[in-house]
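Please read it alongside the sequence and the structure.

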Amino acid sequence: MNLLLTALPLDVGSYRGTPTAAPYALRGYLGTDPELSARVQVQVGVLEPSRSDEELVDELSRAPAGAVGLTCYVWNVERSVRLLEALRVKRPDLLLLLGGPDVAPRARRVLQDHPAIAHVSYPGL
């Protein structure tokens, strides 16, 4: 399976458009498991936060992936969830994942409120 990991970068001041480290760290971590590495090919995508939701969903929907995972932080949780919900409509075949310190503590609630999302996770919780 191909897994696309990505996040919406911070869109403020000098940090504008700087990719977050989480997707890269997750790819590295997943690469430490030989069995998982043999079954899952991980790609990291960089989203441009100034683009519209529709443009980002179109971009994500064209990815040659069976799963898309978005990492979340306080500044991008709501928009990330919106993107995954819209992506579910466009690509119902995708496994949609969400993770990060701002969603994991309320994973049960996120999954209940947003059935398009298949799994919510954050290492260490």
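In this predicted model, residues 24 or more positions apart account for 62% of the contacts with a separation of 6 or more. The secondary structure comes to five helices and five strands, and from the N terminus on these elements run in the order β-α-α-β-α-β-α-β-α-β.

**Burial and surface**

- The protein has 125 residues, of which 38% count as buried.
- Its accessible surface comes to about 7,000 Å², and carbon and sulfur atoms hold 56% of that area.

**The largest pocket**

- The largest pocket has a volume of about 550 Å³, and its lining is made up of 26 residues, among which Leu-5, Leu-26, Leu-30, Leu-97 and Ser-121 lie nearest the centre.
- Two or more lining residues are given by each of the strands β1 (2-7), β3 (67-71), β4 (95-99) and β5 (119-121), and likewise by the helix α1 (22-30).
- The largest share of the lining comes from α1, which provides five residues.
- Sorted by class, the lining of this pocket holds 20 nonpolar and six polar residues, while no charged residue takes part in it.

**Ser-80 in helix α4**

- Ser-80 is found in helix α4, which spans residues 77-90.
- The relative accessibility of Ser-80 is 0%, and because the cut-off for buried is under 20%, this residue counts as buried.
- When residues up to four places away in sequence are not counted, Ser-80 touches Leu-8, Leu-70, Thr-71, Cys-72 and Leu-98.

**Aromatic rings**

- A pair of aromatic rings is described by two quantities, namely the distance of the centres and the angle of the planes.
- By the rule applied here, the count for this protein comes to one aromatic pair.
- That pair is formed by Tyr-73 and Trp-75, whose ring centres are 4.9 Å apart and whose planes stand at 10 degrees, and since planes under 30 degrees apart count as stacked, the pair is placed in that class.
- Trp-75 has a relative accessibility of 42%, which lies between the cut-offs of 20% and 50%, so this residue counts as partly exposed.

Technical notes. Residues are numbered from 1 along each chain as its sequence is written. This is a predicted model: local features need pLDDT of at least 70, side-chain atom pairs count only at pLDDT 80 or more; totals for chains, interfaces and linings use all residues. Side-chain values use heavy atoms; hydrogens and water are left out. Rings of Phe, Tyr and Trp (its six-membered ring) pair if their centres lie within 6.5 Å; planes under 30 degrees apart count as stacked, over 60 as edge-to-face and the rest as tilted. Buried means under 20% relative accessible area, exposed over 50%, partly exposed in between (1.4 Å probe, protein chains only). On a 1 Å grid over the protein atoms alone, a cavity is a set of points where a 1.4 Å probe fits but cannot get out, and a pocket is an open set with protein on both sides within 12 Å along at least five of seven lines; lining residues have an atom within 4 Å of a point. Grid points are joined across faces, edges and corners, and a volume is the space filled by probe spheres set on the points. Helices (H or I, at least four residues) and strands (E, at least two) are DSSP runs, numbered from the N terminus. Ala, Val, Leu, Ile, Met, Phe, Trp, Tyr, Cys and Pro count as nonpolar, Asp, Glu, Lys and Arg as charged, and the others, Gly among them, as polar. Contact means heavy atoms within 4.5 Å. Accessible areas come from the Shrake-Rupley method with a 1.4 Å probe; for residues, only the protein chains shown count as cover.
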